[in-house]
Amino acid sequence: MPSDRIEEALERMAKILAGILLKDIQEGDQRQKIARLRQCGFENTEIANMLGTTPNTVAVAVHGLKKGKKKRARKA
């Protein structure tokens, strides 16, 4: 099997798995979806394509998530 076909198959599988992963998250909670997809190793551009938004929107959400983690770590 040529490498480009393998890559396409892997991309399809990633999208299917992302859909399954996001199915249990409420529709309006985009930050939680972004957090889960980042944990799975997806890049901002890939997440933006999956969620129908822009990479910049994803980057802002990721920044906010990181900032929130630091804030919680200081409180503990």
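1. Basis of the note. This is a predicted model, in which local features need pLDDT of at least 70 and side-chain atom pairs count only at pLDDT 80 or more, while totals for chains, interfaces and linings use all residues. Residues are numbered from 1 along each chain as its sequence is written, and side-chain values use heavy atoms, with hydrogens and water left out.

2. Overall make-up. The protein chain has four helices and zero strands, and its pattern along the sequence reads α-α-α-α. Helices (H or I, at least four residues) and strands (E, at least two) are DSSP runs, numbered from the N terminus.

3. Burial and surface. The protein chain has 76 residues, of which 17% count as buried. Buried means under 20% relative accessible area, exposed means over 50%, and partly exposed lies in between (1.4 Å probe, protein chains only). The accessible surface of the protein chain is about 6100 Å², and carbon and sulfur atoms hold 54% of that surface. Accessible areas come from the Shrake-Rupley method with a 1.4 Å probe; for residues, only the protein chains shown count as cover.

4. Contacts along the chain. Among contacts in the protein chain with a separation of 6 or more, 30% are between residues 24 or more positions apart. Contact means heavy atoms within 4.5 Å.

5. Negative patch. Asp4, Glu7, Glu8, Glu11, Glu43 and Glu46 form a negative surface patch. Helix 1 (residues 3-23) supplies the largest share of this patch, four residues. Glutamate 11 is placed in helix 1 and counts as partly exposed because its relative accessibility is 43%. Patches are made of residues with over 30% relative accessible area and no salt bridge, with like charges joined within 9 Å and nonpolar side chains (Val, Leu, Ile, Met, Phe, Trp, Tyr) within 5 Å. A salt bridge is a side-chain nitrogen of Lys or Arg within 4 Å of a carboxyl oxygen of Asp or Glu. Lys and Arg count as positive and Asp and Glu as negative, with His and the chain ends not counted; the place of a charge is NZ of Lys, CZ of Arg, CG of Asp or CD of Glu.

6. Nonpolar patch. Ile6, Leu10 and Met13 form a nonpolar surface patch, and together they have about 280 Å² of accessible area. Isoleucine 6 has 37% relative accessibility and so counts as partly exposed.

7. Arginine 38. This residue is placed in helix 2 (residues 30-39). Arginine 38 counts as partly exposed because its relative accessibility is 32%. Beyond its neighbours within four places in sequence, arginine 38 is in contact with Glu43, Asn44, Ile47 and Val62. Valine 62 is 24 residues from arginine 38 in sequence, and their C-alpha atoms are 8.3 Å apart.

8. Methionine 50. Helix 3 (residues 44-51) holds methionine 50, which is partly exposed because its relative accessible area is 28%. Leaving aside neighbours within four places in sequence, its contacts are Ala18, Leu37 and Phe42.

9. Asparagine 56. Asparagine 56 is found in helix 4 (residues 55-75) and is exposed because its relative accessible area is 56%. Asparagine 44 is twelve residues away along the chain, at a C-alpha separation of 8.0 Å.
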